[in-house]
Amino acid sequence: KLAIPLEVAYAGGMQKIGIDGRTLEVKIPAGIRPGQVIRLAGQGQGQANHRGALLLEIDYRPHGEFEVDGRNILFTLPVAPWDAALGTTVSVPTLGGPVDLRIPADSEAGRKLRLRGRGLPGVGSKPAGDQIVELEVLAPRVDALVTS
């Protein structure tokens with residue numbers, strides 16, 4: 001198994017791995033999914049001239065901000081109650097970089113907003129996933145409400 005960062009699954013790239021005292025660079029294609037296998041011919045067990053293939057099963061490393069649901073990326077956005085009530089535009093992190101998201105007025109906790117095409121890339125005829133942003137309306141701190 002090879003656990004890769006979500007950013008590498010999104011954009012593709014090279015990943016270094018250590019096998020039997022050797023360091024190999026593995027090309028990771030954009031949009032690769034957990035459970036898919038990368039085959040490296042001649043890099044498996046055996047003598048140098050007679051090595052078989054090395055099979056690497058892909059998995060995603062846990063991410064501090066995002067969760068994965070198929071090709072969709074899930075993100076929880078904390079918002080102030082007045083921003084949820086009045087509406088606002090905020091910058092939201094995505095795997096491709098920050099984007100502006102409009103929060104409609106009268107939004108409630110748990111409301112889900114969709115950023116189309118901002119999930120994991122599609123492969124072949126499959127479309128890219130979306131990023132689903134769930135609003136978490138924060139309760140104001142009591143000391144912030146007290147005036148002197």
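Contact here means heavy atoms within 4.5 Å. With that in hand, welcome to a set of close-ups of a predicted model.

**View 1. Leu77 and its contacts.** Leaving aside neighbours within four places in sequence, Leu77 is in contact with Val90, Val92, Leu101, Ile103, Val133, Glu134, Leu135 and Glu136. Leu77 also belongs to the largest nonpolar core, a group of 33 residues. Among the core residues with the most contacts inside it, Leu77 is listed together with Ile4, Ile28, Ile38, Leu56 and Val92.

**View 2. An open sheet of three strands.** Follow the strands in the order β1-β5-β4 and you will find that the pairing is mixed. The edges are taken by β1 (2-4) and β4 (37-40); each has a single partner strand, so one side of each is left without a neighbour in the sheet. From one strand to the next, the twist averages 35°.

**View 3. Strand β5 and its two partners.** On one side, β5 (residues 54-60) runs antiparallel to β4, and four bridges join the two strands. Here Leu40 stands opposite Leu54, and Arg39 is placed opposite Leu55. The pairing with β1 is parallel and has three bridges; in this pair, look for Ile4 opposite Tyr60.

**View 4. The two faces of β5.** The covered face of β5 carries Leu54, Leu56, Ile58 and Tyr60. Leu55, Glu57 and Asp59 are found on the uncovered face. Of these residues, Leu56 can also be picked out in the largest nonpolar core, where it is one of those with the most contacts.

**View 5. Lys1 and Glu57 in a salt bridge.** The structure holds three salt bridges, and this close-up shows the one in which the side chains of Lys1 and Glu57 meet (3.7 Å, N to O). Lys1 lies in the segment before β1 and Glu57 in strand β5, so the pair ties together parts that are 56 residues apart in sequence. Lys1 is exposed, with a relative accessible area of 72%, whereas Glu57 is partly exposed at 32%.

View 6. Asp130 forms a salt bridge with Arg114, with the closest N and O atoms 2.8 Å apart. Asp130 sits in the loop between β10 (112-115) and β11, while Arg114 is in strand β10, so this pair ties together parts that are 16 residues apart in sequence. Arg116 forms a salt bridge with Asp130 too, and there the closest N and O atoms are 3.7 Å apart. Both Arg116 and Asp130 belong to the loop between β10 and β11, 14 residues apart. Through shared partners, salt bridges join Arg114, Arg116 and Asp130 into one network. As for accessibility, Asp130 counts as buried at 11%, Arg114 is partly exposed at 45%, and Arg116 is exposed at 65%.

**View 7. Gln131, a buried residue of β11.** Gln131 is found in strand β11 (residues 131-137). Since buried means under 20% relative accessible area, Gln131 counts as buried, because its value is 0%. The side chain of Gln131 reaches the backbone oxygen of Pro93 at 3.0 Å. Not counting residues up to four places away in sequence, Gln131 touches a set of residues that includes Phe66, Ile73, Phe75, Val92, Pro93, Thr94 and Leu95. Leu113, Arg114, Leu115, Arg118 and Gly119 are also among the residues that Gln131 touches.

Technical notes:
Residues are numbered from 1 along each chain as its sequence is written. This is a predicted model: local features need pLDDT of at least 70, side-chain atom pairs count only at pLDDT 80 or more; totals for chains, interfaces and linings use all residues. Side-chain values use heavy atoms; hydrogens and water are left out. Two strands pair if DSSP finds at least two bridges between them. Axes are lines fitted to C-alpha atoms, for helices over the stretch in contact, and angles run from 0 to 180 degrees between N-to-C directions. Buried means under 20% relative accessible area, exposed over 50%, partly exposed in between (1.4 Å probe, protein chains only). A nonpolar core is a set of buried Ala, Val, Leu, Ile, Met, Phe, Trp, Tyr and Cys residues joined through side-chain atoms within 4.5 Å. A polar contact is a pair of N or O atoms within 3.5 Å; within protein, one must be able to donate a hydrogen and the other to accept it, and residues adjacent in sequence count only if both atoms are side-chain atoms. A salt bridge is a side-chain nitrogen of Lys or Arg within 4 Å of a carboxyl oxygen of Asp or Glu.
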